[in-house]
Amino acid sequence: MDLAEQVYSLTSHFPAAEVYRLTSQLARAVASVPGNIAEGHARATKKDFAYFLSVAKGSLMEAETYLMLAIRLKYVTPEQAMPSMVLVTEISKMLTALRQRLRQ
C-alpha cells in the first residue's frame with residue numbers, strides 16, 4: 001500500500017498526455033500488488049495463496065519497469081523515483097520469502 005501511495009503521488013506530476021498511457025499502466029500495476037496479496041490470503045489453500053503472491057510479484061516487476069521508463073522519459077528524476085524503487089526491492093524480497101515459506 002505504501003508503494004501504491006508513493007507511485008500515485010509521483011504520477012500526479014506526469015504529463016497530461018500520459019494519463020491513459022503510462023500513468024494508467026503504472027497505477028494499475030502498483031494497485032494490483034496489494035490486491036493480489038489480499039485475494040490470495042483469502043483463498044482456502046496455501047497453493048492458491050502462493051499463486052497469487054506470484055501474480056503480485058509479476059505486477060511488482062511490471063511497476064518497476066514502468067518506473068524505469070518514467071525515469072528514461074524524464075517524467076521523474078532518479079532521485080524522485082528512488083524511494084519507490086527501494087520499496088520495490090523490499091517488497092520483492094518479502095514476496096519471495098513468503099512464497100518459500102508457503103511451499104514448506
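1. The chain contains 4 helices and 0 strands, where helices (H or I, at least four residues) and strands (E, at least two) are DSSP runs numbered from the N terminus. In sequence order the pattern reads α-α-α-α. The structure is a predicted model, in which local features need pLDDT of at least 70 and side-chain atom pairs count only at pLDDT 80 or more, while totals for chains, interfaces and linings use all residues. Residues are numbered from 1 along each chain as its sequence is written, and side-chain values use heavy atoms, with hydrogens and water left out.

2. Overall dimensions and surface. Taken along the principal axes, the C-alpha atoms of the chain fill a box of roughly 45 × 25 × 20 Å. The accessible surface of the chain is about 6,500 Å², and 58% of this belongs to carbon and sulfur atoms; such areas come from the Shrake-Rupley method with a 1.4 Å probe, and for residues only the protein chains shown count as cover. Of the 104 residues in the chain, 38% are buried. Buried means under 20% relative accessible area, exposed means over 50%, and partly exposed lies in between (1.4 Å probe, protein chains only).

3. Contacts along the chain. A contact means heavy atoms within 4.5 Å. Among contacts between residues at least 6 apart in sequence, 67% join residues at least 24 apart.

4. The nonpolar core. A nonpolar core is a set of buried Ala, Val, Leu, Ile, Met, Phe, Trp, Tyr and Cys residues joined through side-chain atoms within 4.5 Å. The largest one has 27 residues, of which Leu3, Leu26, Val30, Leu60, Leu67 and Ile91 touch the most other members. At least two residues of this core come from each of helix H1 (2–11), helix H2 (22–41), helix H3 (46–72) and helix H4 (78–103). H3 gives the most, with 9 residues. In soluble globular proteins, nonpolar side chains tend to be buried together.

5. Leaving aside residues up to four places away in sequence, Leu67 touches Val7, Leu10, Leu26, Ser84, Met85 and Val88.

6. Ala81, in helix H4. Ala81 counts as buried because its relative accessibility is 0%. Apart from residues up to four places away in sequence, Ala81 touches Leu10, Ile71 and Val76. Ala81 and Gln6 are 75 residues apart in sequence, yet their C-alpha atoms are 9.0 Å apart in space.

7. Not counting residues up to four places away in sequence, Phe52 touches Asn36, Glu39, Gly40 and Arg43. Between Phe52 and Arg99 there are 47 residues of sequence separation and 9.6 Å in space, C-alpha to C-alpha. Ser59 also has its place in helix H3 and is buried, with a relative accessibility of 7%. With residues up to four places away in sequence not counted, Ser59 touches Ala29, Ser32, Val33 and Asn36.

8. Charged side chains. The chain has 12 positive and 9 negative side chains, and the centres of the two sets lie 9 Å apart. Lys and Arg count as positive and Asp and Glu as negative, whereas His and the chain ends are not counted. The place of a charge is taken as NZ of Lys, CZ of Arg, CG of Asp or CD of Glu.

9. Salt bridges. A salt bridge is a side-chain nitrogen of Lys or Arg within 4 Å of a carboxyl oxygen of Asp or Glu. A search of the whole structure finds 3 of them. One joins Arg28 and Glu62, with the closest N and O atoms 2.4 Å apart. This pair links distant parts of the chain, as Arg28 lies in helix H2 and Glu62 in helix H3, 34 residues apart. Arg28 is partly exposed at 39% relative accessible area, and Glu62 is partly exposed at 23%.

10. The other salt bridges. Glu39 and Arg43 meet through their side chains at 2.8 Å, N to O. Glu39 is partly exposed at 37% relative accessibility, and Arg43 is likewise partly exposed at 37%. Arg21 pairs with Glu18, the closest N and O atoms being 3.1 Å apart. Arg21 counts as partly exposed at 49% relative accessibility, whereas Glu18 counts as buried at 7%.
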